[in-house]
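Subject: Handover of a model for your review

Dear colleague,

Please find below the structure that I promised to pass on to you. My notes on what was found in it follow directly after.

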Amino acid sequence: MSAAGTTSVAPPVVSAAASDKAPGQRSLPWLMSAPAILLCTVMLLVPLVLTFVLSFNAYDAETGPKAGTFTLEHYAAVLTDPYYYGIFWRTLWISGLVTLICIVVGAPEAWILNRMRKPWRSIMLLVVLAPLMISVVVRAFGWSMLLGPEGLINGTLVALGFAKVKLLYTETAIVIALVHVMLPFMVIPVWTSLQKLDGGVANAALSLGASPVTVLRRIVLPQIMPGILSGSLIVFGLSASSFAIPGLLGGRRLKMMATIIYDEYLHELNWPLGAAIALLLLVANLVIMLGWNRMIERRYKKALG
Amino acid sequence: MNKNGPIALCFNALVILFTLAPILVVCVIAFTPENTLTMNGPEFSLRWFKAVFEFPDFVSSFWNSLWLALAAATISTALAIPAAMALVRYPHRWSGVLQGLFLSPLIIPHLVLGVALLRLFSVVGGAGSFGWLVLAHSLVVTPYTMRLIMAALIGFDRSAEQAALSLGATRSTVFLRITLPMILPGITGGWLLAFINSFDEVTMSIFVTSPSTVTLPVRMYMYATESIDPMMAAVSALMVGITAVAMIILDRVYGLDRVLVGRS
């Protein structure tokens, strides 16, 4: 991820009205896009195809991958070995838990921020979102200092007379740090959908005698649901492929998808196997994203007529 | 606007505390005079910052990261300006596909990109070279430059351009004197966002750097997996400082809230 990266500037919609197509200009747009297309082809499409091919190549511990061979053994190995199941399962439940916590914390936080008065509103929003721009390595290191055996949290526990808790190099540490990294990705879409909320509807419901809880459940929640759903998608996808956080806070023992791919590539040197896991991760990511998107679109098209 | 109740304000304070805690702790520990990651007492020292500047690995990685981010942001911006103009002004059957292609580095995990690029470099040669690294980073930051420049082009009043054209200005004059200045906030905003993201990128870089081209975040990652001492905190504090400066500039030229949550 760098998780950094905002997905917020609304995807621009190209309007046909802006077009000024003239005859003989058909090649112009292609010419203008050519350098960018070239970059994406050479650095994205070709490498992905090469990796796809590599994942079917036989691997020999002595000589490395054998070009021109075809085998399904890497996929078979990944899909049948309980060792990988353990890692997939951990990746899945950690990402799911992180998504859940981000919903429970991020959605109310966006709601509270939205209700703040003028100067505080934008200041607090920036404070919540700005860490997005700070390197994930720095943040992981910060958490390792807070959660470590001599860290602030254990120091406080000892000072209060409690026993130390092992936090660093546990799944708890990974979850805490991932929530920290992912929270902005939940706050942003929920905030965006709150901006579109018509305050008048809620006020009408209140004046007609609905309780605040009913208003929240029947009016506000359905309207910010698209924001929560798209936030969940981003958070889940980025968590499942996160590398630096499990690498630094999970230690050598607690592996996730990304760290196991790193190990296969740079320690075991079994590139074809690493490529197979990487492609499974990519496909899982794309399927979830596209499927989820389609589901949301269908649901809301139906709901809105 | 309604006012938040005390419970809501407490909740907000806790979230803010949670958000800032790891960053603040890094910045405080960086000034410790001790040899361990502790801060006892009020005295502070700059010894660990001095240690960073005397540690050749961090210094060379810093320069690598800086040149890399400058080059990648610039290349990506240079490619994105004409491509974004083509997408916005000359929509055709393939525009949607092209836009998807240019933005796809956002949804492909950086780890998968790293793995794929490592394979490319091992096939064509030159693995770990700075040139390849620049191109790899240019790819990763292109969605950011593309989005901000497209956004600038879409909210664009074209009457000034048409006036200039009808008064006899050439197309290149119109582009340089009217179009470019009008989309300049989008360009500089995109460039800065690209710079920050390239400077911070670790997951893909860890696969495609060689010992001589290691970037600062990669060096920090490797350093942190082996030993943890206050020097790591000092580098981290420097990273936070650089990012903060870049963010302040970004806020001045484009508006941070616009980058983070769209128009607000």
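In chain A, 72% of the contacts between residues at least 6 apart in sequence join residues at least 24 apart, where two residues are in contact if their C-beta atoms, placed from the backbone, lie within 7 Å. For chain B the corresponding share, again among contacts between residues at least 6 apart in sequence, is 78%.

Before going further, please note that this is a predicted model, in which local features need pLDDT of at least 70 and side-chain atom pairs count only at pLDDT 80 or more, while totals for chains, interfaces and linings use all residues. Residues are numbered from 1 along each chain as its sequence is written, and chains are lettered from A and ligands numbered from 1 in the order in which they are written.

The pLDDT, which is the predictor's confidence in each residue on a scale from 0 to 100, has a mean of 86 over chain A, with 90% of the residues of that chain reaching 70 or more. Over residues 1–21 of chain A, however, the pLDDT is below 50, although this stretch has 52 contacts in the model beyond near neighbours in sequence. Where pLDDT is low, the predicted coordinates should not be read in detail.

As to the secondary structure (helices being DSSP runs of H or I with at least four residues, strands runs of E with at least two, both numbered from the N terminus), chain A has twelve helices and two strands, and its order from the N terminus is α-β-β-α-α-α-α-α-α-α-α-α-α-α. Chain B, by contrast, has 13 helices and zero strands.

The C-alpha trace of chain A spans about 80 × 75 × 35 Å along its principal axes, and the C-alpha atoms of chain B fill a box of roughly 70 × 60 × 30 Å. Counted as buried (20 or more other C-beta atoms within 10 Å of the residue's own, with C-beta atoms placed from the backbone) are 42% of the 305 residues of chain A and 48% of the 264 residues of chain B.

One helix pair in chain A deserves a separate note. The axes of α5(A), residues 136–147, and α7(A), residues 171–195, come within 10 Å and cross at roughly 135°, the axes being lines fitted to C-alpha atoms over the stretch in contact and the angles running from 0 to 180 degrees between N-to-C directions. α5(A) is therefore oblique to α7(A), a class that takes the angles left over once those under 35 degrees (roughly parallel), over 145 (roughly antiparallel) and 65 to 115 (roughly perpendicular) are set aside.

Technical notes
A residue is buried if 20 or more other C-beta atoms lie within 10 Å of its own, exposed if 12 or fewer, and partly exposed in between; C-beta atoms are placed from the backbone.
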